[in-house]
Amino acid sequence: MADRSDTARAVDGPDGGNEADTIGGVILAAGKGTRFEGGNKLLADVEGTPIVRRAAETLCRSSVDDIVAVVGHEEDRVAAALADLDLSIHSNENFASGQSASVRIGVDAARDADWDATVFMLGDMPFVRPQTVDALRTAYATGDGSIVAPTYEGRRGNPVLFGRQHYDALSTVSGDRGGRDIIENHEGTVFVDVDDPGVTRDIDSQTDLERTTD
């Protein structure tokens, strides 16, 4: 990861940021995953590593400057799976109300830390490459857009970067849609084509998990 102590802050431009901006990462890892049969999906193993830890390691190996994990359901177990990684844990007691509650906690953390932009990473996506996160940061830093999302073979994926000008809007989302409406409706959204099938591969069911070993 980048040396966080030396990261300078800059003011976002109207469409994006610049290379001096501080970029944080938020891992959304609070949900129950009710469609997954057989326990907490975030703790299921992929190649010997819990899904949520693999997602977190993607951010840790990227160029983001700081990382927060938002936990809720079985938070002690999920936090234990993230032990010794370079991140902080934030608790979401209202995780049953949907992903939006975790997004709001992530936004609060971003404001407290004065991040210029935030990459929101889903905790059930274990195959995203760190280079993809870096590609989002690069697109934002060059002023391409204030929201940056990856695409793979024409499909929009995750994670997604939001500039700080969208924090207010993210704080008002509800239910499980997270920031999708903002992504789809804002003229400042840009899409970066990446050679990373992991941006469209989440684990919702036992079948999804079994396919990872095919």
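This is a predicted model: local features need pLDDT of at least 70, side-chain atom pairs count only at pLDDT 80 or more; totals for chains, interfaces and linings use all residues.

Modeller: Two strands are said to pair if DSSP finds at least two bridges between them. Strand 1 and strand 4 (residues 66–71) are joined by six bridges in the parallel sense, and Gly25 stands opposite Ile67 in strand 4.

Biologist: What makes strand 1 and strand 6 a pair, and in which sense do they run?

Modeller: The criterion is at least two bridges, and six bridges join strand 1 to strand 6, which run parallel. Ile23 stands opposite Ala117 in strand 6, and the partner of Gly24 in that strand is Thr118.

Biologist: How many bridges join strand 6 to strand 9, and in which sense do the two pair?

Modeller: Four bridges join strand 6 and strand 9, in the antiparallel sense. With at least two required, the label of a pair applies. Val119 has Leu161 as its bridge partner in strand 9.

Biologist: How do you know that strand 1 is mostly covered?

Modeller: A residue is buried when its relative accessible area is under 20%, and seven of the seven residues of strand 1 (residues 23–29) are buried. Side chains in a regular strand alternate between the two faces of the sheet. Here both faces are covered: one side carries Ile23, Gly25, Ile27 and Ala29, the other Gly24, Val26 and Leu28, and all are buried.

Biologist: Why is strand 6 called largely enclosed?

Modeller: Six of its six residues are buried, so the rest of the structure largely encloses strand 6. Ala117, Val119 and Met121 point one way, Thr118, Phe120 and Leu122 point the other way, and all are buried.

Biologist: What can be said of the cover of helix 1?

Modeller: Helix 1 (residues 51–60) is mostly covered, as ten of its ten residues are buried. Among them are Arg53, Arg54 and Glu57, along with Ile51 and Leu59. For the protein as a whole, 55% of the 214 residues count as buried.

Biologist: How many aromatic pairs does a search of the whole structure find?

Modeller: The search finds one aromatic pair. The rings of Phe120 and Phe162 have centres 5.9 Å apart, with planes at 75 degrees, so the pair is edge-to-face. The limits are 6.5 Å for the centres and over 60 degrees for the edge-to-face label.

Biologist: What does the pair of Phe120 and Phe162 tie together?

Modeller: Phe120 belongs to strand 6 (residues 117–122) and Phe162 to strand 9 (residues 160–163), so the pair ties together parts that are 42 residues apart in sequence. Phe120 and Phe162 are buried.

Biologist: What makes Arg201 a charge over the ring of Phe127?

Modeller: The CZ atom of Arg must be within 6 Å of the ring centre and within 35 degrees of the ring normal. Arg201 lies over the face of Phe127, at 4.2 Å from the ring centre.

Biologist: Is Thr189 buried or exposed?

Modeller: Thr189 has a relative accessible area of 12%, and under 20% is buried. Thr189 is therefore buried. Thr189 lies in strand 10 (residues 189–193).

Biologist: Which backbone oxygen does the side chain of Thr189 reach at 2.9 Å?

Modeller: That oxygen belongs to Ile183. A polar atom of the Thr189 side chain also lies 3.2 Å from the backbone oxygen of His186. The limit for a polar contact is 3.5 Å.

Biologist: Why is Glu74 called partly exposed, and which label does Asp84 receive?

Modeller: The partly exposed class falls between the buried limit of 20% and the exposed limit of 50%. Glu74 is at 32% relative accessibility and therefore counts as partly exposed. Asp84 has a relative accessible area of 69%, so Asp84 is exposed.

Biologist: What is noted about phi of Glu74 and phi of Asp84?

Modeller: Phi of Glu74 is near 50 degrees, a positive value in a residue other than glycine. Asp84, also not a glycine, has a positive phi of about 75 degrees. Glu74 is in the loop between strand 4 and helix 2 (75–81), whereas Asp84 is in the loop between helix 2 and strand 5 (88–91).

Technical notes: Residues are numbered from 1 along each chain as its sequence is written. Side-chain values use heavy atoms; hydrogens and water are left out. Rings of Phe, Tyr and Trp (its six-membered ring) pair if their centres lie within 6.5 Å; planes under 30 degrees apart count as stacked, over 60 as edge-to-face and the rest as tilted. Buried means under 20% relative accessible area, exposed over 50%, partly exposed in between (1.4 Å probe, protein chains only). A polar contact is a pair of N or O atoms within 3.5 Å; within protein, one must be able to donate a hydrogen and the other to accept it, and residues adjacent in sequence count only if both atoms are side-chain atoms.
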